[in-house]
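Hi,

Here is the structure I said I would pass on.

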Amino acid sequence: MSRSLRPLLATAVIFAIAYALAVLQFPAMFSTRVLGNFLTDNAFLGITAVGMTFVILSGGIDLSVGAVIGFTGVLVAVLISWAGWHPLTAFALALSIAAIFGGVMGLAIHYLQVPAFIVTLAGMFLARGGASVITQDSVPINHEFYDWISQLIIRLPGGGRLSFIGLLMVAVFIVGALVAHRTKFGSYVYALGGNPVSASLMGVPVARTTVAVYTLSSVLAALAGIVFSLYTSAGYPLAAVGVELDAISAVVIGGTLLTGGYGFVLGTFIGVMLLGLVQTYIIFDGTLSSWWTKIVIGALLFLFIVLQRLIFAASAQGEKAS
Amino acid sequence: MSSSEYALEARGIVKIFGNHVALDAVDFGLRAGEVHALLGENGAGKSTLIKILTGAYQPDGGTVLAAGAQVHLDNPQQAQAHGIGTVYQEVNLLPNRSVAENLFLGHQPTRFGLVRRRKMEADARLILKRYGLDIDPSSELGAHSVAVQQIVAIARAVELSGKVLILDEPTASLDRNEVERLFEIIRDLKAHGLAIVFITHFLDQVFAIADRVTILRNGKLVETRALDDMTRTDVVRLMLGKDVAFSGATGVEDARPMGEVLLDFANYGRKRSVHPFNLTIHKGEVIGVAGLLGSGRTEMARIMFGADAADEGTVKVAGKPASIARPTDAIGHGFGFCPEDRKAEGIFGDLSVRENIIIALQGKLGWFSALNRDEQMEIAGRFGESMDIRAASLDMPIKLLSGGNQQKVILSRWLATDPAFLILDEPTRGIDVGAHAEIVRTINRLRDEGLALVVISSELDEVVAYSSRIVVMRDREMVAELSGENINPGVIVQAIANHREGPST
Amino acid sequence: MMRRILTRLANPQLLALVGVLLVNWLLFPNFFRITWQDGRLFGSLIDVLNRGAPVAILAIGMVGVIATKGVDLSVGAVMAMAGAVAATMVVAGYPAPVAVAAALAVGLVCGLWNGFLVAVLDIQPIVATLVLMVAGRGIAQLITEGFIVTFTDPLLIFIGTGSFLGLPMAAVIALVLMILVTLLVRRTAIGLFIEAVGVNRAAASLAGIRSRMLLFLVYGLSGLCAAVAGLIVAGDIRGADANNAGLWLELDAILAVVIGGTSLLGGRFSVPLAVVGALIIQAMNTGILVSGFPPEFNLIVKAALIFLVLIIQSPLASRIVPVRTSAREARS
C-alpha cells in the first residue's frame with residue numbers, strides 16, 4: 001500500500017471506532033440530526049481547512065486564516081449593516097481583498113525567502129488589527145438575504161437538516177479534491193512540497209504556484225468568514241481566534257504530512273469530522289469540559305506526527321537499503 | 001568544418017566566479033548518435049560546463065549552438081525546448097508522486113482542465129515498456145529502487161527533449177547489474193540517434209560505453225579524442241596532468257627511521273561505502289591516498305574519523321582496541337579531519353576566524369571549561385602567525401577569507417587540539433599557490449614532528465614528495481599499497497587505471 | 001575602552017529603541033517623566049519595562065532556540081500552564097515557594113519534552129512545538145477546571161506586581177534572567193556551540209560538538225523562561241486565566257528575537273539584543289496607548305515591523321545593500 005495512504009487509513013479507522021464507541025454510549029448520536037449539525041457547525045472550519053491543506057501540501061503553513069475569518073466577518077457586517085450594501089457585493093469585495101492579501105503573502109514568502117510562518121504571522125497581526133480598527137464591537141447583520149439563506153435547508157428523514165453552509169463546505173471539499181488531485185496546479189502543489197529543487201528543474205512555475213497557494217488559502221478563509229457570518233448573523237473582530245490551529249490540526253490528523261508533499265483533501269474532511277465528533281461527544285457527555293477538546297486534539301496531533309515520522313523514516317531507510 | 005556536424009556545441013566558453021576562472025575558453029562538440037564521456041577531477045570545470053549547457057548558468061564568454069544555430073539558454077526549460085534533457089546524479093524527480101506523473105509533470109494530458117489520469121497512465125505504460133520497465137505507472141516513484149528512478153528520469157528527459165541527453169553521474173549509486181541495464185538503454189538511445197553526454201568517475205564504464213572522451217583539467221580543455229586509440233593509463237594521465245614517461249620523482253628515502261605503530265585498521269569497512277581494508281599507520285609518516293573521485297577515498301577518510309561508522313573490522317590505537325563510531329570518539333583519541341568540502345563541512349561561515357580555530361579544542365574541553373577571549377586570541381594569533389593566515393582581523397567572519405586561508409584555519413583548528421593523527425582530504429584543492437605551498441610545508445613539518453597523517457590528494461607530484469607509503473583506491477576498494485621506489489607518479493597512474501581482470505563494467 | 005562601549009551601544013536595535021522612545025515623547029510630552037511614590041518609581045518609561053518583561057523573558061529563552069535553527073511555538077501555552085499550576089496549588093493550601101517551584105518544574109518538563117521531539121525523534125521544531133501549543137492551553141484549563149483561579153498569596157502577587165529598589169519586580173526578574181542567561185552562554189562555551197550548530201550542523205558534528213544535549217538545553221531553558229513569564233502574568237492579575245494568559249505571546253517573543261538581529265535561519269545570537277527587541281515592541285505598544293490611538297493599532301504596526309525586518313534581513317536586500325548582521329557587530 002502506498003505510504004501516503006497509511007495515515008489516511010489510520011484517521012478513517014480512528015474516526016469509525018470513535019464514532020461507534022460514541023454511538024454505543026449515546027445512541028442518539030447516530031441520527032441525521034447530529035450528522036447534519038456536524039456539517040453546519042464545522043462548515044467554516046472545513047472550508048478553512050481545505051485552503052490549509054493546499055498550503056501544507058506545498059510545504060508551507062498559514063497562521064493568518066483565523067484573522068482573515070474575523071476580518072471578513074467584520075467587513076461584511078459593516079458593509080451590510082452600516083453602509084447598506086447588498087450582501088453579495090460585500091462578499092465579492094471581501095473575497096477580492098483576501099485574494100490580494102494572500103497573494104502578497106505568497107510573493108513575500110517566495111521572493112524574500114523567509115519561512116512562511118513568520119510572513120503569515122505578520123498577516124495575522126495585520127488582518128486582526130485591521131478588523132479591530134474597523135470596529136471593536138460585534139456588529140449584528142439583519143438582512144433578508146441572510147434570512148433567505150438560513151431557510152435554504154434540505155430536511156432529512158429523522159429530523160436532520162442539511163443547511164446551505166454545510167452543503168457549501170461539502171462542495172468546497174469536492175472542488176478542492178478535484179483541484180488537488182486532478183489538475184496540473186494540484187500536481188505542482190505536491191511537487192513543491194515534495195522537493196522544491198526538483199520541482200523547479202522539472203519546469204514547475206514555483207513563484208506562481210506559491211502565490212496561488214496562499215491566495216487560495218486566504219480566499220477560502222474569507223469564504224469561511226462569510227459562512228461564519230451566516231452562521232452567527234454577526235461580525236466580530238475577535239471571532240475565530242485560534243481557528244488556524246484547529247485547521248492545521250484537522251489537516252494533519254487527516255493524514256497530510258506537515259512537511260508537505262503527501263496527503264489528501266478528503267482526509268482533511270475526515271480530520272474535520274473527527275474534531276467535530278470530539279466536540280459533539282463532549283456536549284453529549286455533559287460532565288466533560290470543553291478543554292478536553294484541545295487536549296484530545298493535541299494528543300491526536302502528536303500521535304499523527306509520530307506516526308508519520310515512523311512511516312516516512314522507515315520507508316526512507318528501506319529505499320536506501322534496497 | 002560544418003557547424004551542423006554537432007547536435008550540441010560549445011565554443012570558447014568562459015565562466016568566471018569572482019576571481020576564479022572556472023572555465024577558460026573550453027570547446028565541446030557533441031555528435032548525434034554518440035556517447036561522449038566528459039571527464040575531469042573536482043574543480044576541473046565539468047559541472048560548470050554542464051550547467052551552462054543546461055541553462056542553469058550563463059557563460060561570460062563564448063557561444064552555445066544547438067543543431068548549428070546559436071542559442072541562449074536562460075533556464076532549464078529553454079534548454080529542454082532546444083531538445084536538451086538532463087539527468088542528475090541524485091535523481092531530481094519527485095519521490096512523493098506517481099511514476100506516470102513524474103514522466104508527464106507539466107505536460108499531463110487534460111480535458112476541461114482535468115488531468116486525464118487513465119490516458120496518462122496508459123501512455124506512461126507504453127513509454128516504460130520501451131525502457132524495459134514493467135512497473136505500475138500509478139505507483140509512487142519513491143517506492144522503486146534508485147536504478148528504476150534513474151531510468152524514469154532518463155525516460156522523462158528523452159520524451160520531453162529528444163535530441164541531447166546529459167547524464168551527470170547516473171551510475172554513482174547503482175550496482176553492477178543495474179549499471180549494465182542502464183547501459184543497454186543508453187546503447188539503444190544512441191542507436192536511435194540521440195546525442196549523449198556521459199559523466200562518470202568510473203573508467204571501466206567510460207571504456208564500456210563511450211565513443212569519444214573530452215577531458216578537462218583546472219577549467220581548461222585538455223583533449224577531445226576517440227576512445228579507440230586510448231588506454232586507461234592515457235586517460236588517467238590526461239586527467240591528472242602527469243606525463244608518466246618522464247616522471248622521475250620518487251618517495252621519501254627509507255633511511256629515515258619509522259616511528260612506532262599508532263593505528264592499525266584491520267578489515268575495516270562499511271557496506272555500500274568502502275570495502276574492508278587493512279592499514280597500519282606509524283608515527284611520523286604520511287600515507288598518501290590516490291584514486292579518482294568516487295574511488296572511495298573520501299569514504300575511507302570518513303570511516304577512519306567516525307564521521308560514518310564502520311560496520312566491519314577493528315581498529316587499534318597505540319596497540320589498544322578502540323571504538324570509533326562518532327567524530328567525538330576519534331577526537332578523543334587525538335584524531336583530526338579536514339574534509340574535502342570546505343564550505344559544507346569545514347567552515348562555520350558566519351563565525352570569526354578566531355572561533356573557527358578554537359572550536360575543536362573547545363569541543364574537547366566541553367561546555368564549562370570555556371577558553372576566555374584572551375586565551376582564544378592567544379591561540380588564534382599563534383596559529384594565525386605560524387600558518388601565515390592572511391586575515392585583516394581574527395574577528396572577521398571566516399567566509400570572507402580566501403579558500404586557501406580558510407583551509408589554513410581548519411588545519412589550525414586541529415593543530416590546536418594537539419593531535420596525534422590528521423586526515424586531510426584534498427587539502428590543497430582550489431587554493432592559491434602561496435597557501436598551497438604553506439600547506440605542503442606544514443604537512444612536512446608535522447610529519448617530522450612525529451604526527452601520523454593520511455593525505456588524500458589528486459596532486460600526484462605533491463603526494464610522492466611527502467608520502468612514505470601510498471594507498472591506491474579504485475571502485476571503493478583499496479587496490480594497492482605502494483612504497484619505496486614504487487612511489488612515483490607513473491606507477492600510481494598505472495595502479496589507478498589498471499582495471500580488473502575479466503569482463504568490464 | 002570608552003570607544004568600544006560606545007560602538008557597542010551604537011547598534012541598530014538600541015538606536016531603534018531610542019527612536020521609538022523619542023517618537024513617544026513627541027506624542028506624549030510627559031513620556032520621560034518618572035516620579036517616586038510609595039517607595040517605587042512610576043512613569044511611562046517604567047511601564048515599558050514592566051509590561052515588556054514577560055515578552056523579554058520569553059525572548060531570553062527563545063533566542064537560543066532560534067539560534068539553533070529552531071522555534072518554540074509552545075511558550076504561550078506553557079505560560080498558561082505554569083500560571084495555572086501555581087495558582088491552583090496556593091489556593092489548595094500549598095506554600096507559595098512550593099507552588100512556584102512546581103510551576104517552574106512544569107515549564108522545564110514541557111521544554112524538555114519539546115527538546116526530546118526535536119533532538120531524539122528529529123521532528124521539525126515548528127511541528128514538534130505545535131503539539132504543546134495546541135494541547136497546553138487545554139491542560140491549563142484542565143488544571144484550573146475552566147475557572148480563572150484567583151489568589152491572594154503575597155509571594156505570587158509580589159512576583160507580578162511588587163517592586164525591588166523601586167523597580168517593578170517583573171523588570172528586575174527579566175534583568176536578572178538576562179544577565180544569568182548571558183553569563184551561562186557567554187562565560188561557558190555553550191553560546192559558541194549553539195551558534196556553531198546553527199551555522200553549520202555538519203561541520204559542528206565533524207568538529208566534535210554533540211548537538212543533542214545542546215538542543216535539550218535550549219528547549220528546556222525556553223520552557224523554564226516561559227514558566228517564569230507565566231508566574232509574572234498570573235501574579236499581575238492575581239489569578240490564572242488559562243484561556244488568555246500568554247495568548248499569542250510566542251509570536252511577540254519570536255518577533256523580539258528577530259528584531260534583536262538573530263536570523264530565523266540560525267547562527268549568531270545575542271540575549272541582550274533580544275531583550276531590547278522586546279522593549280522596542282513594548283515601547284511601541286505603550287506609545288500607541290499613551291498617544292490615544294486604539295490599542296488595535298498595535299497589531300498593524302507589529303505587522304509592518306515584521307515585514308520591515310524581513311525585508312532588511314532577506315537575501316534580496318543583502319544583494320542590493322550588503323548589510324552586516326547586527327548581532328555580530330554587537331559582540332565584536
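Chain A has 14 helices and four strands; helices (H or I, at least four residues) and strands (E, at least two) are DSSP runs, numbered from the N terminus. Its radius of gyration is 20 Å, close to the 20 Å that the globule rule gives for 322 residues, so chain A is as compact as a globular protein of that length. That radius is taken over C-alpha atoms, and the rule is 2.2 Å times the number of residues to the power 0.38.

Before you dig in: this is a predicted model, where local features need pLDDT of at least 70 and side-chain atom pairs count only at pLDDT 80 or more, while totals for chains, interfaces and linings use all residues. Residues are numbered from 1 along each chain as its sequence is written, and chains are lettered from A and ligands numbered from 1 in the order in which they are written.

Back to chain A. The C-alpha trace spans about 65 × 50 × 35 Å along its principal axes. Of its 322 residues, 56% count as buried (20 or more other C-beta atoms within 10 Å of a residue's own, with C-beta atoms placed from the backbone).

The unreviewed UniProt entry lists several stretches of chain A as "transmembrane region", including 162-180 and 291-312; such annotations may be inferred rather than shown by experiment. In the model, residues 291-312 of chain A are 100% helix, with the end C-alpha atoms 32 Å apart. Residues 162-180 of chain A come out as 89% helix and 11% strand, and there the end C-alpha atoms lie 26 Å apart.

Now for the A/B interface: 21 residues of chain A are in contact with 20 residues of chain B (contact means C-beta atoms, placed from the backbone, within 7 Å). On the chain A side, α9(A) gives the largest share, five residues.

In chain B, β3 (residues 35-39) and β11 (residues 212-217) pair in the parallel sense over four bridges (pairing takes at least two DSSP bridges), and L39(B) stands opposite I215(B). β11(B) also pairs with β12(B) (residues 220-226), here in the antiparallel sense over six bridges. In the hairpin of β11(B) and β12(B), with two residues between the strands, N218(B) has a positive phi near 50 degrees.

Cheers

Notes
Buried ≥ 20, exposed ≤ 12 C-beta atoms within 10 Å, placed from the backbone. Contact = placed C-beta atoms within 7 Å.
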